[in-house]
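Please keep the structure open as you go through the points.

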Amino acid sequence: MPVSFDGKLVVAISSRALFDLSDSHQVFESQGLDAFQDYQVSHEDDILRPGDAFPLVKKLLAINEMEEGRGRVEVILLSRNSSDTGLRVFNSIEHYKLPITRAAFAGGQSPHRYVSAFGAHLFLSTDPEDVRQVLDAGYAAATILSGATLDPKDEVLRIAFDGDAVLFSDESEQVFQSAGLEAFTESEKQAARQPLSDGPFKAFLEALHQIQREFPANRCPIRTALVTARSAPAHERVVRTLREWGIRLDESLFLGGLPKGPFLKAFGADVFFDDQQGHCESAREHVAAGHVPHGISNPRA
């Protein structure tokens with residue numbers, strides 16, 4: 001019988017997001033492909049240091065070790081390496097005892113096309129163009145930015161999301177940027193009972209929520225938060241949209257333009273997803289940040 005990922009949360013991750021490959025990448029940038037290949041093969045027994053998304057992946061995979069979450073999470077490696085140069089990556093996966101068994105090595109090409117083949121709910125990478133192509137294909141994706149990572153206070157996976165252009169479409173953000181705050185506020189008041197359209201991360205949030213429902217509230221290994229610049233009265237449309245979707249967020253922070261970083265630190269976020277580069281740059285001083293290059297705030301060059 002064919003293997004099925006039905007009912008699983010599937011996360012695809014690039015090798016440079018999972019591990020620190022700065023040494024070999026520098027060789028590639030300065031000396032070219034042949035030198036990179038020689039470097040990777042000659043260092044294939046050297047264990048790589050954890051990358052920016054490593055703590056997040058460890059917590060995701062730990063869900064499988066709990067009775068209610070057994071077999072519910074699949075992490076897949078997507079890499080521009082060939083299988084030959086990627087041996088160092090799999091040696092490091094084995095060293096850290098990460099139960100990652102599936103991979104696509106694209107041999108120098110972008111691996112983004114395999115996100116849909118695996119049916120991944122989320123793709124994490126350090127390559128912004130790969131991330132854009134995955135978003136264009138209709139899947140959640142983010143560029144992981146190097147920055148601060150919190151010392152985990154427990155095993156609970158805490159994921160924070162911006163609202164507009166991440167969980168929701170950027171329709172409201174378009175009003176804000178074209179007509180200003182007053183017009184945005186009035187528009188959201190008028191449309192308070194009209195659900196917002198889906199954003200690129202809705203399906204990922206749904207998959208998280210499905211796993212949360214398997215656990216009693218006091219033992220749930222996942223906690224989610226909305227961290228948005230919105231404030232009252234523009235909050236009502238967000239609340240009603242989530243109600244319409246049948247999705248529970250554990251915490252919702254309506255900050256009215258306040259800097260998000262301190263609140264993300266207080267929440268203890270393992271990662272925060274936002275469409276605005278400036279918000280991500282601020283957040284990365286406190287927590288790991290994933291930039292979502294989607295919507296009106298991210299025009300193509």
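Strands β6 (residues 122-125) and β7 pair in the parallel sense over four bridges, where pairing calls for at least two DSSP bridges between two strands. Helices (H or I, at least four residues) and strands (E, at least two) are DSSP runs, numbered from the N terminus. This is a predicted model, in which local features need pLDDT of at least 70 and side-chain atom pairs count only at pLDDT 80 or more, while totals for chains, interfaces and linings use all residues. Residues are numbered from 1 along each chain as its sequence is written, and side-chain values use heavy atoms, leaving out hydrogens and water.

- S125 has T143 of β7 as its bridge partner.
- Six of the six residues in β7 (residues 140-145) are buried, that is, under 20% relative accessible area with a 1.4 Å probe and protein chains only (exposed is over 50%, partly exposed in between).
- A140, A142 and I144 point one way from β7, while A141, T143 and L145 point the other way.
- In a regular strand, side chains alternate between the two faces of the sheet.

**Nonpolar cores**
- The largest nonpolar core has 65 residues, and L18, F161, F201, F204 and F273 touch the most other members; such a core is a set of buried Ala, Val, Leu, Ile, Met, Phe, Trp, Tyr and Cys residues joined through side-chain atoms within 4.5 Å.
- Apart from that core lies another of 13 residues, including L145, A269, F272 and V287.
- Leaving aside residues up to four places away in sequence, F204 touches L9, H121, L122, A140, I159, F161 and F273, with contact meaning heavy atoms within 4.5 Å.

**Backbone features**
- The peptide bond from A232 to P233 is cis, with omega near 5°, and P233 sits in the loop between β9 (222-228) and α11 (235-245).
- K97, in the loop between α5 (87-95) and β5 (103-105), has a phi near 60°, a positive value in a residue other than glycine.
- K97 counts as exposed because its relative accessibility is 71%.
- A165, in the loop between β8 (157-161) and α8 (171-179), also has a positive phi, of about 75°, although it is not a glycine.
- A165 counts as buried because its relative accessibility is 0%.

**A residue on α10**
- Q210 belongs to helix α10 (residues 202-212) and, at 38% relative accessibility, counts as partly exposed.
- The C-alpha atoms of Q210 and A103 are separated by 25 Å, with the two residues 107 apart along the chain.
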